[in-house]
Amino acid sequence: MPVPPAGPPAASSAPHSAPVRPAPRGTGPAAEPAGPAASAGAEPEAAAAAAGPARAAGRSARLGPVALVVAAGVSVQFGAALAVVIMPRAGASGVVALRLAAAALVLLLLCRPKVRGYSRADWGTVVAFGAAMAGMNGLFYQAIDRIPLGPAVTLEVLGPLVLSVVASRRLVNLLWAALALAGVALLAGHGGGGFGGLDPLGAAFAVGAGAMWAAYIVFSARTGRRFPQADGLALAMAVAAVLVLPLGVAEAGSALLEPGTLALGAGVAVLSSVLPYTLELLALRRLPAPTFAVLMSLEPAIAATAGFLVLGQALGALDALAIALVIAASMGAVRSRAGADRPAA
């Protein structure tokens, strides 16, 4: 049987995390009830003592999904750095095929998802999720095969940013989305070499990858509500692998079976697919899609950091300013959500 959608954990568990217990009663004179004034004074003290852990639990419930998204972004960008090593050997389609096939194999072995008891709508969601993953990865690697990584990531991020604006019902999210867009545009315009002279097909692939990224966000959330744990992710990953494997074999041929290529492909699969997709799926169960979409604006900033640490690419003043704008937008989105979730006094 499919697992029904769960309610927000913060709303369901926070009231029970620190219950106010009555003081224990003894049998001697010291345990006799004091007067009404003492009772009235004791109750606020007990409530105040319980409020601290409750607030801490609430902050943890809000920031936990944010930490999952950031960790996923770090994993993706360092996986992308590793993928650069493989692309000359296997081509763009070959890298995608290795990445998704290895990730699907790992997830199917770890999750061992059940295939019985699901409705046609459940399977339709999984297939759509898998198609979005295949399209997002395939189009993005085709893009970075033709244009620099900075502009490619910036154009791809437009998809989640547009989703955040369209799906949001709060006017303030327009401000955060605009600020994030300014940051990623500045980052790509300076550190990525600008948009002048970009290959039109490569730019189109990047924009298409962004559209598929937005679809991935939507169907990932729906899959997380319909399937327990990471079962839906494992099944969707298998669908994505089936869709891209023929293209990878056609481009790379026997190069996909070389031991070195297979080993690097497995590393890319873990860093760029298994770990981040699992973290994002868990985060989307507790994080609204608009907030998640704006948080994904951190990707270019994380990519710049990974480029500095792994590839030795120095950061200039404009790069630092761009990263600051993106981080400010992400923090604003988190604070907006925290304010929306805070119960009225």
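Is Arg-226 buried, partly exposed or exposed, and what is its relative accessible area? In this predicted model, Arg-226 is partly exposed, with a relative accessible area of 30%. The side chain of Arg-226 meets that of Asp-122 in a salt bridge, with a distance of 2.5 Å from N to O. Because Arg-226 belongs to helix H6 (residues 200-226) and Asp-122 to helix H3 (residues 120-144), the pair ties together parts that are 104 residues apart in sequence. In general, side chains of opposite charge can pair when their charged atoms come close.

The chain as a whole contains 11 helices and 0 strands. Read from the N terminus, its elements run α-α-α-α-α-α-α-α-α-α-α. Of the 345 residues in the chain, 44% are buried. Among contacts with a separation of 6 or more, 89% are made by residues 24 or more positions apart. The chain exposes about 16,800 Å², of which carbon and sulfur atoms supply 69%.

Aromatic side chains were examined next. A search of the whole structure finds 5 aromatic pairs. In one of them, Tyr-118 and Trp-123, the ring centres are 6.1 Å apart and the planes stand at 85°, so the pair is edge-to-face. Tyr-118 is buried, with 13% relative accessibility, whereas Trp-123 is partly exposed, with a relative accessible area of 29%. Tyr-118 also forms an aromatic pair with Phe-227, and this pair is tilted, at 4.4 Å centre to centre and 35° between the planes. Since Tyr-118 lies in the loop between H2 and H3, and Phe-227 in the loop between H6 and helix H7 (231-252), the pair ties together parts that are 109 residues apart in sequence. Both Tyr-118 and Phe-227 are buried. Together, Tyr-118, Trp-123 and Phe-227 form one aromatic cluster.

The nonpolar interior was considered in turn. In soluble globular proteins, nonpolar side chains tend to be buried together. The largest nonpolar core of this model holds 76 residues, and Met-133, Tyr-141, Tyr-216, Leu-233 and Met-237 touch the most other members. Helix H2 (residues 36-111) gives the most to this core, contributing 16 residues. When residues up to four places away in sequence are not counted, Met-133 touches Tyr-216, Leu-233, Ala-236, Met-237, Ala-240 and Tyr-277. Among these partners of Met-133, Tyr-216, Leu-233 and Met-237 are also named with Met-133 as residues that touch the most other core members.

Another buried residue is Val-184, whose relative accessible area is 0%. Val-184 is placed in helix H5 (residues 172-190). The C-alpha atoms of Val-184 and Val-157 are 8.1 Å apart in space, while the two residues are 27 residues apart in sequence.

Nonpolar side chains also occur at the surface. Val-162, Val-165, Val-166, Leu-171 and Leu-174 form a nonpolar patch there, with about 470 Å² of accessible area together. Helix H4 (residues 149-167) provides the largest share of the patch, with 3 residues. Val-162 has its place in helix H4 and counts as partly exposed, at 49% relative accessibility.

Conventions: Residues are numbered from 1 along each chain as its sequence is written. This is a predicted model: local features need pLDDT of at least 70, side-chain atom pairs count only at pLDDT 80 or more; totals for chains, interfaces and linings use all residues. Side-chain values use heavy atoms; hydrogens and water are left out. A salt bridge is a side-chain nitrogen of Lys or Arg within 4 Å of a carboxyl oxygen of Asp or Glu. Helices (H or I, at least four residues) and strands (E, at least two) are DSSP runs, numbered from the N terminus. Buried means under 20% relative accessible area, exposed over 50%, partly exposed in between (1.4 Å probe, protein chains only). Patches are made of residues with over 30% relative accessible area and no salt bridge: like charges are joined within 9 Å, nonpolar side chains (Val, Leu, Ile, Met, Phe, Trp, Tyr) within 5 Å. Accessible areas come from the Shrake-Rupley method with a 1.4 Å probe; for residues, only the protein chains shown count as cover. A nonpolar core is a set of buried Ala, Val, Leu, Ile, Met, Phe, Trp, Tyr and Cys residues joined through side-chain atoms within 4.5 Å. Contact means heavy atoms within 4.5 Å. Rings of Phe, Tyr and Trp (its six-membered ring) pair if their centres lie within 6.5 Å; planes under 30 degrees apart count as stacked, over 60 as edge-to-face and the rest as tilted.
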